[in-house]
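Subject: Structure for you to look at

Hello,

Please find the structure below, with the sequence alongside. My notes on what was found follow it.

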Amino acid sequence: LPTSIGNLANLRSLNLMGNQIMSVPQELGNLIHLQALYFGGNALTSLPVELFNLDSLGLLWLWGNLLTSLPEQIGNLTQLRNLHLQSNQLTTLPPTIGNLTALNALHVGDNQLTALPTEIGNLASLTSLRAFNNQLTSLPPEIGNLTSLTELWLQRNHLTTFPREIVSLVNLTHLWLDNNQIGD
């Protein structure tokens, strides 16, 4: 990807899905009007911190890459409404994810997450949380703060108990808990 892509000052949407891109030039951070960025299905192992200066970004698709972590600066994307991170190799989410209070959809399925940060409870606008096929053994009690949730996908984890806080999710219409280790 050429660094000169940062010169496209009026770009609103950039779709680079399904390529063999291994790195993102820091000049992408110059695209201050960018609202949608699609990098799914590439070979990214890291992201430049300049990417998280894109104040207008509302949609970020990073599914199907090789990301093992996210920079703390992801919390700077306060206008973000959709964040798609499924099918990476993430083991944790930074606590700053809680700054993304405009977020409607957070998709982190098919990773290696062992826990969700307690700050996830700050995402009051969240309607869709997909955390299936991870290594989750429990959920933070703050999950009960997500009262806008309509769908919660937790199948294929290692949950051993039914999270009590789910009863606070009064708008929930779809709940997937299959293929866990929940007992009586």
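Where is the place of Thr161? Thr161 is found in the loop between E7 and E8. Keep in mind that this is a predicted model. Thr161 is exposed, because its relative accessible area is 53%, and the cut-off for exposed is over 50%. In sequence, Thr161 and Ser138 are 23 residues apart, while in space their C-alpha atoms are 7.4 Å apart.

Overall layout

The protein has 8 strands and 0 helices. Along the sequence this reads as β-β-β-β-β-β-β-β. The radius of gyration is 17 Å, close to the 16 Å that the globule rule gives for 184 residues, so the protein is as compact as a globular protein of that length. The C-alpha trace spans about 60 × 25 × 25 Å along its principal axes. Of the 184 residues in the protein, 47% are buried.

The salt bridge

Side chains of opposite charge can pair when their charged atoms come close. Searching the whole structure gives 1 salt bridge. The partners are Glu151 and Arg130, and their closest N and O atoms are 2.9 Å apart. This pair links distant parts of the chain, since Glu151 belongs to strand E7 and Arg130 to strand E6, 21 residues apart.

Is Glu151 buried or exposed? Glu151 is buried, because its relative accessible area is 16%, and buried means under 20%. Arg130 has 23% relative accessibility, so Arg130 counts as partly exposed.

Arg130 has a further contact to look at. The charged end of Arg130 sits over the ring of Trp153, 4.0 Å from the centre of that ring. Trp153 then leads on to the aromatic residues.

The aromatic residues

A pair of aromatic rings is described by the distance of the centres and the angle of the planes. The count of aromatic pairs comes to 3. One of them is formed by Phe132 and Trp153, a tilted pair with 5.7 Å from centre to centre and 40 degrees between the planes. Phe132 lies in the loop between strand E6 (128–130) and strand E7 (151–153), and Trp153 lies in strand E7, so the pair ties together parts that are 21 residues apart in sequence. Phe132 and Trp153 are both buried.

Another tilted pair is formed by Trp153 and Trp176, with 4.5 Å from centre to centre and 50 degrees between the planes. Here too distant parts of the chain are linked: Trp153 is in strand E7 and Trp176 is in strand E8, 23 residues apart.

Why does Trp153 count as buried? Trp153 counts as buried because its relative accessibility is 19%, and the limit for buried is under 20%. Trp176, at 27% relative accessibility, counts as partly exposed. Phe132, Trp153 and Trp176 together form one aromatic cluster.

The nonpolar surface patch

Which residues make a nonpolar surface patch of about 350 Å²? The patch is made by Phe162, Val167, Leu175 and Ile182. Ile182 is placed in the segment after strand E8 (174–176). Ile182 counts as partly exposed because its relative accessibility is 33%.

Backbone angles to check

Two residues are worth a look for phi. Asp110 is not a glycine, although its phi is positive, at about 60 degrees. Asp110 lies in the loop between strand E5 (105–107) and E6. With a relative accessible area of 26%, Asp110 is partly exposed.

Asn179 also has a positive phi, near 60 degrees, in a residue other than glycine. Asn179 is placed in the segment after E8. Is Asn179 buried or exposed? Asn179 is exposed, because its relative accessible area is 55%.

When you open the structure, one place to begin is Arg130, with its salt bridge to Glu151 and its charged end over the ring of Trp153. From there, follow Trp153 to the other members of its aromatic cluster, Phe132 and Trp176.

Regards

Methods. Residues numbered from 1 in each chain as written. Predicted model: local features only at pLDDT ≥ 70, side-chain atom pairs only at ≥ 80, totals over all residues. Heavy atoms only, no water. Patch = residues over 30% accessible without salt bridge, like charges linked within 9 Å, V, L, I, M, F, W, Y side chains within 5 Å. Areas by Shrake-Rupley, 256 points an atom, 1.4 Å probe, with all protein chains shown as cover. Salt bridge = Lys/Arg side-chain N within 4 Å of Asp/Glu carboxyl O. Helix = DSSP H or I, 4+ residues; strand = E, 2+ residues; numbered from the N terminus. Buried < 20%, exposed > 50% of the residue type's maximum accessible area, 1.4 Å probe, protein only. Phe/Tyr/Trp six-rings, centres within 6.5 Å; stacked < 30°, edge-to-face > 60°. Lys NZ or Arg CZ within 6 Å of the ring centre and 35° of its normal. Rg over C-alpha atoms; globule rule 2.2 N^0.38 Å.
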